[in-house]
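Here are my notes on this one, point by point. Have the model open while you read.

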Amino acid sequence: MSYVNNCTTGIKRNITQTIGFNGSITFSPKMAATFSGGYDIAKNKLTTSSISITRDLHCWQMSFSWIPFGYYKSWSFHIGVKAASLQDLKYDKSQSMYDNLY
């Protein structure tokens, strides 16, 4: 983290230098994973990263998302019927970043 003064306004700015990465992997026609994250060069550490896995279970859809570390650390799991008329037939479980505050 470095501070820059442009000498005209007297305002200091915080410059952050990061390298980002993201991608996806298809394990099969019905299962895939995506990931994203970054690396903060100035702080020499990883930034918030996330991993998501989805699976098509014929008439059902399952997904799992996870942010493994950092301020936004959380996870969520969802499984539900694909048919719009039965969209209330589902199971959701999660732990949000707010659960970590208390």
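1. First, a term for what follows: contact means heavy atoms within 4.5 Å. With that cut-off, and leaving aside neighbours within four places in sequence, Ser74 is in contact with Ser65, Trp66, Ile67, Gln95, Ser96 and Met97. Ser74 sits in strand β8, strands being DSSP runs of E with at least two residues and helices runs of H or I with at least four, numbered from the N terminus. Ser74 is buried, at 18% relative accessible area; buried means under 20%, exposed over 50%, and partly exposed in between, with a 1.4 Å probe and protein chains only.

2. Some ground rules. This is a predicted model, in which local features need pLDDT of at least 70 and side-chain atom pairs count only at pLDDT 80 or more, while totals for chains, interfaces and linings use all residues. Residues are numbered from 1 along each chain as its sequence is written, and side-chain values use heavy atoms, with hydrogens and water left out.

3. Now the overall build. The chain has 9 strands and 0 helices, so the pattern along the sequence is simply β-β-β-β-β-β-β-β-β. Of the 102 residues in the chain, 11% are buried. Take the contacts between residues at least 6 apart in sequence: 13% of them join residues at least 24 apart.

4. On to strand pairing, where two strands pair if DSSP finds at least two bridges between them. Strand β4 (residues 31-40) runs antiparallel to β6, with 6 bridges joining them. One place to look is Ala32, whose bridge partner in β6 is Thr54. β6 also pairs with β7, again in the antiparallel sense, over 7 bridges. There, Arg55 stands opposite Met62 in β7. The hairpin of β6 and β7 has 2 residues between the strands, and His58 takes a positive phi near 65° in that hairpin.

5. How many salt bridges does the structure hold? There are 2, counting a side-chain nitrogen of Lys or Arg within 4 Å of a carboxyl oxygen of Asp or Glu. As background, side chains of opposite charge can pair when their charged atoms come close. Asp56 pairs with Lys82, and the closest N and O atoms are 2.8 Å apart.

6. Trp60 deserves a look. Trp60 lies in strand β7 and is partly exposed, at 34% relative accessibility. Which residues does Trp60 touch, not counting those up to four places away in sequence? They are Arg55, Ile79, Gly80, Val81, Lys82 and Leu89. Trp60 and Ile79 are 19 residues apart in sequence, with their C-alpha atoms 6.9 Å apart in space.

7. Then there is Tyr72, in the loop between β7 (60-67) and β8 (74-81). Tyr72 is partly exposed, with 43% relative accessible area. Not counting residues up to four places away in sequence, Tyr72 touches Thr48, Ile67 and Met97. Tyr72 and Met97 are 25 residues apart in sequence, yet 5.1 Å apart in space, C-alpha to C-alpha.

8. Last, the surface. The accessible surface of the chain comes to about 7900 Å², and 58% of that belongs to carbon and sulfur atoms; areas come from the Shrake-Rupley method with a 1.4 Å probe, and for residues only the protein chains shown count as cover. A nonpolar patch is formed by Phe21, Ile25, Phe27, Phe35, Leu46, Ile51, Trp66 and Phe69, with about 710 Å² of accessible area together. Patches are made of residues with over 30% relative accessible area and no salt bridge, like charges being joined within 9 Å and nonpolar side chains (Val, Leu, Ile, Met, Phe, Trp, Tyr) within 5 Å. Strand β3 (residues 18-28) gives the largest share of the patch, 3 residues. Phe27 is found in β3 and is exposed, at 51% relative accessible area.
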